[in-house]
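Dear colleague,

Please find below the structure that I am handing over to you. My findings follow it, arranged by topic.

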Amino acid sequence: MTSHRVLEDWPLWYLPDALDGTRAWQVFEELLALPLWEQPDITLFGKRHPIPRQQIWMGDPDAAYRYSNQQFIPVAWHPTVASLRDGMIQLARQLLPDAPAFNSVLLNHYENGQHRMGWHSDNEPELGSKPVIASLSLGATRDFRLRRADPACRTLTPSFNIPLEHGSVLLMGPGVQTDWQHSLPPRQRHQSPRINLTFRHVFR
Ligand SMILES: O=C(O)CCC(=O)C(=O)O
Ligand SMILES: [Fe+2]
């Protein structure tokens, strides 16, 4: 499998053909049809807004997760997602032999180019101090943007985009969530849907 090391000093890899294209489209259609997608409200500066995307938390029953001040109890593993999880654990361990077994996944559905995700790091305490996250992308290619978490570092290390293609995996290893932030900026001209799955290990 092809893997590109994205950064010299951090364990970040891009694997463009992690999932075979035909299987990836089958999975995409299957996940798109799940009756589980939700668009919860978040509170920003005291005002409630629906999040600009749809999501599903899936995982082991005790892998509860806090996100944007809300507690999410994961829904049970869908068999297709469980089999993707097993593949992602194997893949992660090829590059990071100590990678933990993923026990939860956040699925995001970006219906069109207006759907997006703002700057953040996945550094919630339940992910531990050295999170390993495998991010699988399906459907439309969208730019994933990275910038240094410390604003003082941003002049020396500029922000950059990685276009995440259908069937690709971005593997983020220890340190990436500490030193970097990421976002999925809106792209007005992109109208087709995308699904992203970030496999995580939640400590409990
Ligand atoms: O959709 C993406 O590629 C990013 C998703 C993400 O950053 C997250 O779920 O934490
Ligand atoms: Fe993230």
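In what order do the seven strands of the open sheet stand? The order is E1-E2-E13-E10-E15-E8-E5, and the pairing is antiparallel. Helices (H or I, at least four residues) and strands (E, at least two) are DSSP runs, numbered from the N terminus; two strands pair if DSSP finds at least two bridges between them.

Before I continue, a note on the source. This is a predicted model, in which local features need pLDDT of at least 70 and side-chain atom pairs count only at pLDDT 80 or more, while totals for chains, interfaces and linings use all residues. Residues are numbered from 1 along each chain as its sequence is written, and chains are lettered from A and ligands numbered from 1 in the order in which they are written.

The seven-stranded sheet

At the edges of this seven-stranded sheet are strand E1 (4-5) and E5, each of which pairs on one side only. E1 is joined to strand E2 (residues 12-15) by two bridges, and the two run antiparallel. Within this pair, His4 stands opposite Tyr14 in E2.

Two helices pack on the sheet. H1 touches E8, E10 and E15, and its direction makes about 90° with that of E10. H2 touches E2, E5, E8, E10, strand E13 (168-172) and E15, and its direction makes about 125° with that of E10.

Strand E8

Strand E8 is mostly covered, with seven of its seven residues buried. A residue is buried if 20 or more other C-beta atoms lie within 10 Å of its own, exposed if 12 or fewer, and partly exposed in between, with C-beta atoms placed from the backbone. In a regular strand the side chains alternate between the two faces of the sheet. In E8 both faces are covered: Ser104, Leu106, Asn108 and Tyr110 are buried on one side, and Val105, Leu107 and His109 on the other.

E8 has partners in E5 and E15. Six bridges join it to strand E5 (residues 54-59), antiparallel, and Gln54 stands opposite His109. Seven bridges join E8 to E15, also antiparallel, and Ser104 stands opposite Arg200.

Helix H1

Helix H1 (residues 21-32) has 12 residues and spans 16 Å from its first C-alpha to its last, close to the expected 16 Å (1.5 Å times one less than its number of residues). Which residues of H1 are buried? They are Ala24, Val27, Phe28 and Leu31. Seen down the axis of H1, these residues fall within an arc of 105°, so they line one face of the helix; the arc is that of the directions from the helix axis to the C-beta atoms. Their cover includes helix H2 (79-95), strand E8 (104-110), strand E10 (133-139) and strand E15 (194-200). On the other side of H1, Thr22 and Glu29 are exposed.

The four-stranded sheet

A second open sheet has four strands in the order E9-E14-E11-E12, with antiparallel pairing. Strand E9 (117-120) and strand E12 (160-164) each have a single partner strand, so one side of each is left without a neighbour in the sheet. Neighbouring strands here are turned by 20° against each other on average, direction ignored. Two bridges join E9 to strand E14 (residues 180-184), and Met117 has Leu184 as its bridge partner there.

Individual loop residues

Ala149 lies in the loop between strand E11 (142-148) and E12. It is partly exposed, with 18 other C-beta atoms within 10 Å. Not counting residues up to four places away in sequence, Ala149 touches Ser121, Thr178, Asp179, Trp180 and Gln181.

Glu111, in the loop between E8 and E9, is 82 residues from Pro193 in sequence but 4.4 Å from it in space, C-alpha to C-alpha.

Phe45 is found in the loop between strand E3 (41-44) and E4. Its phi is near 50°, a positive value in a residue other than glycine. Phe45 is exposed, with 5 other C-beta atoms within 10 Å.

Methods: Axes are lines fitted to C-alpha atoms, for helices over the stretch in contact, and angles run from 0 to 180 degrees between N-to-C directions. Two residues are in contact if their C-beta atoms, placed from the backbone, lie within 7 Å.
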